[in-house]
Amino acid sequence: MTVDISPQLLELALTHRSFAYENGGIPHNERLEFLGDSILGQAVTVMLYTEHPMLDEGDLAKRRASLVSSTALAEVARSIGLGRHLRLGRGEELTGGRDKSSILADTVEAVIGAAYISAGADAATGLVLRLIEPLLGDPERFGASMDPKTALQEIAAKLGRGVPRYVITDSGPDHSKRFHADVLLGDTLAASGAGSSKKQAEMAAALDAWTRLSAAVR
């Protein structure tokens, strides 16, 4: 079953704020992203609760976190070639925005939001389940999502890539700081991540790097 999203809403879902600001402050996709995030979380929660009656609350929460993470959503976006359809500002275009995990993940959520408005709750839920279905067949993902730094260290050692090293920067006022982490393997940037704490940023970067290395050795 395909989802019939209106062309106007789909264009909005693909419009990053950088493009909007460079074009007179036109609407961008962050409101749709907000909506899609809620729909995504509900759909995944209900699916896990229904299909895994033996899992306790803690295990369900960890699996849900893995499936709705920015890294997982960015992987989904790359698998369907979403990056080439993004509407980006010049700055993001020049700095590789079409493959940034944060932008890709946010856009997936915006598309889900657009599907909800265009076609209703059932269609949006169906879209979510189809998008995450490939992730469900990878049991190693759930272990990595629970301790991504250890998982990355193990696969890096297995591949002879050395010990991961993290470089942290922050931005914003003291009461609302945002942290960015780059994880390096040797002198090579393996992945980046962001979060509201240094730990969150490092874990996001580690999970993204683990996902990329795992895909490369399959």
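A residue is called buried when its relative accessible area is under 20%, exposed when it is over 50%, and partly exposed in between (1.4 Å probe, protein chains only). Glu 93, with a relative accessible area of 37%, is therefore partly exposed.

The structure is a predicted model, in which local features need pLDDT of at least 70 and side-chain atom pairs count only at pLDDT 80 or more, while totals for chains, interfaces and linings use all residues. Residues are numbered from 1 along each chain as its sequence is written, and side-chain values use heavy atoms, with hydrogens and water left out.

**Salt bridges**

A salt bridge is a side-chain nitrogen of Lys or Arg within 4 Å of a carboxyl oxygen of Asp or Glu. The whole structure holds 11 salt bridges. The table gives some of them.

| Pair | N to O distance |
|---|---|
| Glu 30 and Arg 17 | 2.6 Å |
| Arg 98 and Glu 93 | 2.7 Å |
| Arg 212 and Asp 208 | 3.2 Å |

Helices (H or I, at least four residues) and strands (E, at least two) are DSSP runs, numbered from the N terminus. Glu 30 is partly exposed at 29% relative accessibility, and Arg 17 is partly exposed at 37%. Arg 98, the partner of Glu 93, has a relative accessible area of 28% and is partly exposed.

Arg 212 and Asp 208 are 4 residues apart in helix α11, which means that about one helical turn separates them. An α-helix has 3.6 residues a turn, so residues three or four places apart point the same way. Arg 212 is partly exposed at 34% relative accessible area, whereas Asp 208 is buried at 3%. Through salt bridges that share partners, Arg 78, Asp 99, Asp 208 and Arg 212 are joined into one network.

**Helices α5 and α11**

Two packed helices are described by the angle between their axes and the distance between the axes. Here the axes are lines fitted to C-alpha atoms, for helices over the stretch in contact, and angles run from 0 to 180 degrees between N-to-C directions. The axes of helix α5 (residues 70–79) and helix α11 (residues 198–217) come within 9 Å of each other and cross at roughly 40°. The crossing of α5 and α11 is right-handed; a crossing is right-handed if the near helix is turned clockwise from the far one by less than a right angle, and left-handed if anticlockwise.

Contact means heavy atoms within 4.5 Å. On the α5 side, the contact is made by Thr 71, Glu 75 and Arg 78, and on the α11 side by Ala 204, Leu 207, Asp 208, Thr 211 and Arg 212. By class, this contact has 2 nonpolar, 2 polar and 4 charged residues. In these classes, Ala, Val, Leu, Ile, Met, Phe, Trp, Tyr, Cys and Pro count as nonpolar, Asp, Glu, Lys and Arg as charged, and the others, Gly among them, as polar.

Within α5, the buried residues include Thr 71, Ala 72, Leu 73, Ala 74, Val 76 and Ala 77. Ser 69 caps the N-terminal end of α5, with a side-chain oxygen 3.1 Å from the backbone nitrogen of Ala 72. Just after α5, Gly 81 takes a positive phi of about 70°.

Ser 214 is part of helix α11 and is buried, with a relative accessible area of 4%. A polar atom of the Ser 214 side chain lies 2.8 Å from the backbone oxygen of Trp 210.

**Strands β1 and β2**

Arg 165 is in strand β1 (residues 165–171), and Leu 184 is in strand β2 (residues 178–185). Arg 165 is partly exposed, with a relative accessible area of 43%, while Leu 184 is buried at 14% relative accessibility. Not counting residues up to four places away in sequence, Arg 165 touches Asp 182, Val 183, Leu 184 and Gly 186. By the same rule, the residues that Leu 184 touches are Val 163, Pro 164, Arg 165, Val 167, Leu 189 and Ala 190.

**Distances across the model**

Leu 184 and Phe 19 are 165 residues apart in sequence and 30 Å apart in space, C-alpha to C-alpha. Ser 6, in the segment before α1 (7–13), is partly exposed at 24% relative accessibility. The C-alpha atoms of Ser 6 and Ile 168 are separated by 41 Å, and the two residues are 162 apart along the chain.

How values were computed:
Polar contact = N/O pair within 3.5 Å; in protein donor to acceptor, adjacent residues only side chain to side chain.
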